[in-house]
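Please read them alongside the coordinates.

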Amino acid sequence: MKIHVLNSKELVNKTVSEHLIKFVREHKTGVLGLATGSTPIGIYEALVKDHKENNTDYSQIRTINLDEYVNLDQNHPESYYSFMHRNLFNHINVKPQNIHLPNGNEKDLEMACQSYNDVLKNNQPDIQILGIGANGHIGFNEPGTSFDSSVHIIELQEQTRLDNARFFDSMDDVPKKAITMGIKNIMDAKRIILIAFGENKSEAVYQMVKGKVTENLPASILQKHNNVEIYLDESAASKLF
Ligand SMILES: O=P(O)(O)OC[C@H]1O[C@](O)(CO)[C@@H](O)[C@@H]1O
């Protein structure tokens with residue numbers, strides 16, 4: 001686990017986006033595992049800017065997203081489908097058929113989980129971008145999720161719903177369930193880049209890096225992955241040293 005503490009969010013965004021741009025230029029048909037939430041927005045902005053200025057080509061790149069809300073219309077502005085198109089996909093030349101997100105609106109959600117597992121079998125991320133929740137969740141794998149989990153439906157913890165409520169008109173509108181890649185799926189990625197900003201992530205970051213590997217802190221499993229880079233601003237790293 002390589003830890004990089006940089007002195008600003010901007011420098012983290014610049015460094016991580018440069019890694020991704022280099023990967024895309026060197027692996028025309030590569031698979032990018034992407035995350036949502038506020039953390040990766042600056043990185044996606046940098047990818048869009050580079051594409052516009054340097055024509056970095058995404059036409060054969062495949063994308064895999066970690067998670068999606070259940071029973072939230074795909075075109076709702078806060079669905080992860082909408083989030084990803086607004087922040088990235090609408091501004092680069094990735095092909096719609098190469099974009100993959102779990103489907104939270106299937107009637108048969110177990111079927112939705114199975115079919116996304118199949119998608120993952122054929123599109124294993126070469127690089128998986130991760131954020132981390134204040135409670136140490138990765139994707140929507142809340143504390144207590146099995147390390148052996150594959151794609152599954154999860155009840156969102158109140159804290160996670162509260163953290164995401166800022167994007168919805170009212171608490172009632174915040175979905176209660178999500179469909180998410182499991183921890184085993186995430187660990188199958190060849191390379192993982194986790195980014196965290198801010199004091200509110202410092203405890204989760206500390207436990208992820210220095211704590212016990214335990215299902216009570218899902219991100220701690222990353223200690224067992226052989227190719228993980230953690231990019232932090234100084235606030236998120238404040239409990240590490
Ligand atoms: O980047 P944020 O907005 O702090 O979110 C942290 C984590 O919470 C989630 O958005 C899920 O609630 C994850 O996808 C994300 O990695």
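1. An oxygen atom of the ligand lies 2.8 Å from a polar backbone atom of Ser-38. A polar contact here is a pair of N or O atoms within 3.5 Å. The protein covers 93% of the 390 Å² of accessible area that the ligand has on its own (Shrake-Rupley method, 1.4 Å probe).

2. This is a predicted model, in which local features need pLDDT of at least 70 and side-chain atom pairs count only at pLDDT 80 or more, while totals for chains, interfaces and linings use all residues. Residues are numbered from 1 along each chain as its sequence is written, and side-chain values use heavy atoms, with hydrogens and water left out.

3. The shell around the ligand has 15 residues, the closest being Ser-38, Thr-39, His-137, Asn-164 and Lys-201; a residue is near if one of its heavy atoms lies within 4 Å. Three of the shell residues are nonpolar, nine polar and three charged. In this division Ala, Val, Leu, Ile, Met, Phe, Trp, Tyr, Cys and Pro are nonpolar, Asp, Glu, Lys and Arg are charged, and the others, Gly among them, are polar.

4. Which space does the ligand take? It is the largest pocket, with a volume of about 490 Å³. A pocket is an open set of points on a 1 Å grid over the protein atoms alone, with protein on both sides within 12 Å along at least five of seven lines, and lining residues have an atom within 4 Å of a point. A molecule sits in a pocket if more than half of its atoms lie within 2 Å of its grid points.

5. The largest pocket is lined by 26 residues, with Gly-37, Ser-38, Thr-39, Ile-132 and Lys-201 nearest its centre. Ten of the lining residues are nonpolar, eleven polar and five charged. Helix α5 (residues 158-165) gives the most to this lining, with three residues; helices are DSSP runs (H or I) of at least four residues and strands (E) of at least two.

6. The second largest pocket has a volume of about 240 Å³. Its lining has 17 residues, and Gln-74, Tyr-81, His-85, Leu-101 and Pro-102 lie nearest its centre. α3 (80-87) and β5 (99-100) each supply at least two residues of this lining.

Notes
Polar contact = N/O pair within 3.5 Å; in protein donor to acceptor, adjacent residues only side chain to side chain. 1 Å grid on protein atoms, 1.4 Å probe; cavity = no way out; pocket = protein on both sides within 12 Å on 5 of 7 lines; lining within 4 Å. Points joined across faces, edges and corners; volume = space filled by probe spheres on them.
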